[in-house]
Amino acid sequence: MAIKNRRKNAQKAVSQLSSIILNYNNNDLEIIDSAARQLISVGKRHGVRAQSNVTKLICRDCKKSLIPAKTARIRIKSGHITTSCTRCNRVYRSRLRG
Ligand SMILES: [Zn+2]
């Protein structure tokens with residue numbers, strides 16, 4: 001019973017943290033970064049994953065937010081989108097559709 005509740009709380013935390021990150025235009029970078037960090041730690045501890053539209057806004061290396069035009073540099077080059085983290089310089093590449 002207690003375990004079930006803990007998981008439920010974790011899911012609630014994940015959805016709250018997710019909405020902070022998704023509303024990055026309305027929140028301070030410091031708040032977004034701390035939400036990103038908490039989201040990763042809650043996810044690890046409870047096995048609750050955020051949705052992919054949220055996780056792609058978090059750098060897997062420095063565990064900070066990856067916000068277009070703020071903390072991420074985005075380039076489109078020969079059918080690929082290149083996103084680089086401005087803080088640890090990690091580069092993510094994804095294929096453009098169509
Ligand atoms: Zn990074």
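These legends accompany several close-up views of a single chain.

**View 1. The whole chain and its order of elements.** The model is predicted, so that local features require pLDDT of at least 70 and side-chain atom pairs count only at pLDDT 80 or more, whereas totals for chains, interfaces and linings use all residues. Residues are numbered from 1 along each chain as its sequence is written. The chain holds 3 helices and 3 strands, where helices (H or I, at least four residues) and strands (E, at least two) are DSSP runs numbered from the N terminus. Read from the N terminus, the elements follow the order α-α-α-β-β-β, and the C-alpha atoms fill a box of roughly 55 × 30 × 20 Å along the principal axes. Of the 98 residues in the chain, 21% are buried; a residue is buried if 20 or more other C-beta atoms, placed from the backbone, lie within 10 Å of its own.

View 2. Leaving aside residues up to four places away in sequence, Ile 21 touches Ile 32, Ala 35, Ala 36, Val 54, Leu 57 and Ser 65, a contact being a pair of C-beta atoms, placed from the backbone, within 7 Å.

**View 3. The surroundings of Ile 58.** Ile 58 lies in the loop between helix H3 (52-55) and E1, and this residue is buried, because 24 other C-beta atoms lie within 10 Å. With residues up to four places away in sequence not counted, Ile 58 touches Ala 36, Leu 39, Ile 40, Lys 63, Ser 65 and Leu 66. Ile 58 and Ala 72 are separated by 14 residues in sequence and by 9.9 Å in space, C-alpha to C-alpha.

**View 4. The open sheet of three strands.** The 3 strands form an open sheet in the order E1-E2-E3 with antiparallel pairing, two strands being paired if DSSP finds at least two bridges between them. Strand E1 (72-77) and strand E3 (91-95) stand at the edges with a single partner strand each, so one side of each has no neighbour in the sheet. From one strand to the next the twist averages 20 degrees, with angles running from 0 to 180 degrees between the N-to-C directions of axes that are lines fitted to C-alpha atoms.

**View 5. Strand pairs and hairpins.** The antiparallel strands E1 and E2 are joined by 6 bridges, and Ala 72 stands opposite Cys 85 in E2. The hairpin of E1 and E2 has 2 residues between the strands, and Ser 78 takes a positive phi near 35 degrees there. Strand E2 (residues 80-85) is joined to E3 by 5 bridges, again antiparallel, and Thr 83 has Tyr 92 in E3 as its bridge partner. In the hairpin of E2 and E3, with 5 residues between the strands, Asn 89 takes a positive phi near 65 degrees.

Methods. Buried ≥ 20, exposed ≤ 12 C-beta atoms within 10 Å, placed from the backbone. Contact = placed C-beta atoms within 7 Å.
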